[in-house]
Structure formats: structure tokens, C-alpha cells
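Colleague: I am new to reading protein models. Could you take me through one, feature by feature?

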Amino acid sequence: MRFEGENREDCDLYLSVLAIDSAGAMSVIFPHQWTASAESTVLPAQQTLSIPNRDRDRFRLVTQPPLGTTEILIVASTKPMVDALKGLQAIANECGFRDCPIPVTDPKIVIEILLADP
């Protein structure tokens, strides 16, 4: 599977993309390069983002149990979400992830991190 998002705005957008499966398990699928700067989360104006990017990413999104509906939550901002990225990087670092989506054991923490960034 692959997701594509298009920024039809006249300004850049900074994104985070979360997947929530039918059992309620959450994964952060973008950003997924946990050593990168906040600029890695930008979707430039009038550009398209593919997740995963076949030319760059080393992971694939595949369907797997539990069967059912998966929800995708996209958080977008016109300002860099620097604090949110630092929080997500800390979670990825604790789990030993470097450049792939991270599973989230406590979704509430991730939502709070994303919504707290100014």
C-alpha cells in the first residue's frame, strides 16, 4: 500500500501521519526518518508526498491482521512542529527505530505531543 497527499495550498505544510488499525493500535508512519530535522516533515506548496516513497524509503506498508478498517489521521501545520518531532524522535529512540514507522504503545502520549506544539 502507498498513501499520497497533495498540498494544494500556497504555503508549505508540516505533517505527521498516524495509522490506527481496527484493534486500536497506532503507528506513526510519517515522519519516519527519526534522525532528521523538522524540515523532513515539510510538504512544499503544490507538491505531492508519497508514503512510502519507492525511491527513498526502506519499508513497505502491507495489510495484515487484524482485519477491518484502518484510519489515517493527518496532522498538518503551517509552522514546523519542532517539539512534536523531538517527542516522536524520543519514542523512536527508545524503541530502537531509525528510519521506519514506529508502533505506539500509548496513543494518548503521541496525540498530546502533536497537539501541544504551537
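**Reading the model**

Modeller: Start with one residue. Glutamine 46 has a relative accessible area of 45%, so it is partly exposed. Keep in mind that this is a predicted model.

Colleague: Where is glutamine 46 placed?

Modeller: Glutamine 46 sits in the loop between β4 and β5. Look at its backbone too. Its phi is near 65°, a positive value, and the residue is not a glycine.

Colleague: Now the whole chain. How many helices and strands does the protein have?

Modeller: Count two helices and seven strands. Then read them in order along the sequence: β-β-β-β-β-β-α-β-α. The radius of gyration is 14 Å, close to the 13 Å that the globule rule gives for 118 residues, so the protein is as compact as a globular protein of that length.

Colleague: What box do the C-alpha atoms fill?

Modeller: Taken along the principal axes, the box is roughly 40 × 25 × 25 Å.

Colleague: How should I think about the inside?

Modeller: Here is the general idea. In soluble globular proteins, nonpolar side chains tend to be buried together. Now this case. The largest nonpolar core has 19 residues. Leu18, Val28, Trp34, Leu88, Ile102, Val110 and Leu114 touch the most other members.

Colleague: Which elements give two or more residues to this core?

Modeller: They are β2 (13-20), β3 (26-30), α1 (82-95), β7 (102-104) and α2 (107-116). With five residues, α1 gives the most. There is also a second, separate core of eleven residues, with Leu15, Leu43, Phe59 and Leu61 among them.

Colleague: What about peptide bonds? Which residue does a cis bond join to proline 31?

Modeller: Check omega. The bond between phenylalanine 30 and proline 31 is cis, with omega about 5°. Another cis bond runs from proline 65 to proline 66, where omega is near 10°. Proline 66 lies in the loop between β5 (48-51) and β6 (71-77).

Colleague: Back to proline 31. Is it buried or exposed?

Modeller: Buried counts as under 20% relative accessible area. Proline 31 has 2% relative accessibility, so it counts as buried. Its place is the loop between β3 and β4 (42-43).

Colleague: Which residues are in contact with proline 31?

Modeller: Leave out its neighbours within four places in sequence. Proline 31 contacts Leu15, Ser16, Thr41, Leu85 and Leu88. Now compare sequence with space. Proline 31 and valine 82 are 51 residues apart in sequence, and their C-alpha atoms are 12 Å apart.

Key: Residues numbered from 1 in each chain as written. Predicted model: local features only at pLDDT ≥ 70, side-chain atom pairs only at ≥ 80, totals over all residues. Heavy atoms only, no water. Helix = DSSP H or I, 4+ residues; strand = E, 2+ residues; numbered from the N terminus. Rg over C-alpha atoms; globule rule 2.2 N^0.38 Å. Core = buried A, V, L, I, M, F, W, Y, C linked by side-chain atoms within 4.5 Å. Buried < 20%, exposed > 50% of the residue type's maximum accessible area, 1.4 Å probe, protein only. Contact = heavy atoms within 4.5 Å.
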